[in-house]
Amino acid sequence: MSFSDSDSSSSSYGADYKNFKQITRELPQRLLGFLPYPVTASTPIANSGLLQEMLRSAKAGDSRSTWKVLIMDKLTVKMMSYACKMADITQEGVSLVEDIYKRRQPLPSMEAIYFIQPTKENIIMFLSDMSGKSPLYKKAYVFFSSSVSRDLVTHIKRDGTVLPRIGALREMNLEYFAIDSQAFLTDHERALEELFGDEEDSRRGDAALSVIATRIATVFASLREFPYVRYRAAKSLDVTTMTTSRDLITTKLAARVWDRISQHKQKIEQFPQTETCDLLILDRSVDQIAPIIHEWTYDAICHDLLNMEGNKYVHEVSSKSGAPPEKKEVLLEEHDPVWVELRHAHIADASVRLHDKMTNFVSKNKAAQIQHGSRDGGELSTRDLQRMVQSLPQYSEQIEKLSLHVEIAGKVNQIIKDSGLRDLGQLEQDLVFGDAGTKDVIKYLTTKELQCPMQDASRENKLRLLMILAAIYPEKFEGEKGFNLMKLAKLSQDDMNAVNNMRLLGGAAETKKSSAASFSLKFDIKKKRAARKDRAGQEETGWQLSRFYPMVEELVEKLSKGELSKDEYPCLNDPSATFHGTSPAAIMNSSPAPHSMRSRRTPTWARPRHSDDGYSSESVLRHASSDFKKMGRRIFVFIVGGATRSELRACHKLTSKLQREVVLGSTSLDDPPNFITKLKLLTAHELSLDDLEI
């Protein structure tokens, strides 16, 4: 079946194609907009509608209420905050947002919209609100974030006083957080600890996998996509090796995701009956290096070095009246066109482009030229340009974002210089590509001694270096060897726990196996080991330290070409036998044809947008929107145990290169410091995330 044959509007890649984030952004409005109908004891749960239908529900039909109350639980509040802003909710007629677990004032003249998880506790709270002679609200429109059990529905219908007061009872199948135009989370910050911990708790792990599977399935229910489900198979083990629950994480999750999607296929109207996309399920063991290596793109390095809280950046703004500077919070997100343009650029490239933007602005502005002419005529520094622009109040609004990013890039570059990160970054990448080994690390630790006034940062950098070394040479940390390296790097036992716990991600056994396989008749056992190979056809950026790529990039490209091993990455619903050897990927790629992987064509994400004034960066968004109209079928990649910003960047890059929208999903999005903290927790059962800091 061609993609356009799908019943799903979201699966139609023609003129009406909408990318992942566009669809998700529409969900809050859809939650409020369907024709309400009376609920009786025999009324089934409907599976349609979404956020717009929910928010507009009380406007339609026989509803006379102008304003409504929106009631949510902790999880759905968070989901809603990712999908829309409070102003969007207010625009749909919601005057009050309430927590279902807090005491609320009775508003018997108003109608209420419940957007809640289908849990027993939530149902009890809902019935408490709406039953009896004096309900809190006139009428209730109830929307569940995922599938609700028959037992809970029966529990609701038993109460005769509640049924006439229910205007709608629906499953929205919306239980994920869209954090990016091509990324979502299931909000499981403790997944690494619960699934990879040293003391296996099968009950807790199975419970976590069940919730993760349910939330992944709601992505496909919302988008009306029916995937081929592929997963990373457990490592082939010999008879002397005991299989652990960690080895079966992706196998179990794939089976549960497939089960839930199969249920959606039967229950949801217009759900595709044949496969429309690919889903590849991985876990963090597939790439231990990506979460800890220094990534040099603007987005990643800002989150790594600036101690940001999520996407929030705090900076000082000068007061025009001469008062002390004030602190201001800004969000580095997709509403900022400069951020969208530069986030995947190398930090050096981003800095150059920001300087060029500032220079062009001044050259086109007469007042700035006059002020420049009053100086010595020399070339202005970026700091001079920033001050000059700030002195022109009539341009302050249009230049505000550009000035902000000049400040951020300057701060990042200063930290790089003070911390000696360039030399460290070079050694990290040389280790990964086999151009350096243990001796080079020892030499670095003994002779370089990171000349850095920020001792904490220096300690973290040495820890990350040893973690990369441990991922490639795990045998170097056995017994006394590990203790000596710890002593040389002047790290604490707490730090070394993070290094030692990398074995729990399952990479050590594989690395040892590859080490033994490389043993030759020449007994060349001292040969340096590579965790990555330079890739043929990879675009050259011209910037230092841009060699590293996450393993996800390689796997997705192989999947798109139909070259991903079916032994290592089996498919639960692989129809290859009925297609006489033609792979699902080959069928799905038949139209449109993807670009050659060995093409030197620069992908859209890497092309510089010639923006002179800080505003024309919006062309990036316009290009992205038009490019999506030409896309082939989607590829979804889900990583259990946390994803990285380098993997998110790779998905954006591959979307343009393969002409297929690549959507990244994970249990969390981790920057190196919090990933290391989570690694320490794998054996620190008495502690919590708040007790450990990098």
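Biologist: How many helices and strands does the protein have?

Modeller: The protein has 26 helices and 14 strands. Helices (H or I, at least four residues) and strands (E, at least two) are DSSP runs, numbered from the N terminus. This is a predicted model: local features need pLDDT of at least 70, side-chain atom pairs need 80 or more, and totals for chains, interfaces and linings use all residues. Residues count from 1 along each chain as its sequence is written, and side-chain values use heavy atoms, without hydrogens or water.

Biologist: What share of the residues is buried?

Modeller: Of 694 residues, 55% are buried (under 20% relative accessible area, 1.4 Å probe, protein chains only).

Biologist: Which residues touch the most other members of the largest nonpolar core?

Modeller: Leu253 and Leu466, in a core of 122 residues. A nonpolar core is a set of buried Ala, Val, Leu, Ile, Met, Phe, Trp, Tyr and Cys residues joined through side-chain atoms within 4.5 Å.

Biologist: And what is Leu253 in contact with, beyond four places in sequence?

Modeller: Its partners include Leu209, Ile212, Phe638 and Val640. Contact means heavy atoms within 4.5 Å. A second, separate core has 24 residues, among them Tyr114 and Val148.

Biologist: New topic. Which residues line the second largest cavity?

Modeller: Among them are Ala290, Glu295, Asp304, Arg645 and Asp670. Helix H10 (298-305) and helix H25 (645-658) each give two or more residues to that lining. A cavity is a set of points on a 1 Å grid over the protein atoms alone where a 1.4 Å probe fits but cannot get out; lining residues have an atom within 4 Å of a point.

How values were computed:
Buried means under 20% relative accessible area, exposed over 50%, partly exposed in between (1.4 Å probe, protein chains only). On a 1 Å grid over the protein atoms alone, a cavity is a set of points where a 1.4 Å probe fits but cannot get out, and a pocket is an open set with protein on both sides within 12 Å along at least five of seven lines; lining residues have an atom within 4 Å of a point.
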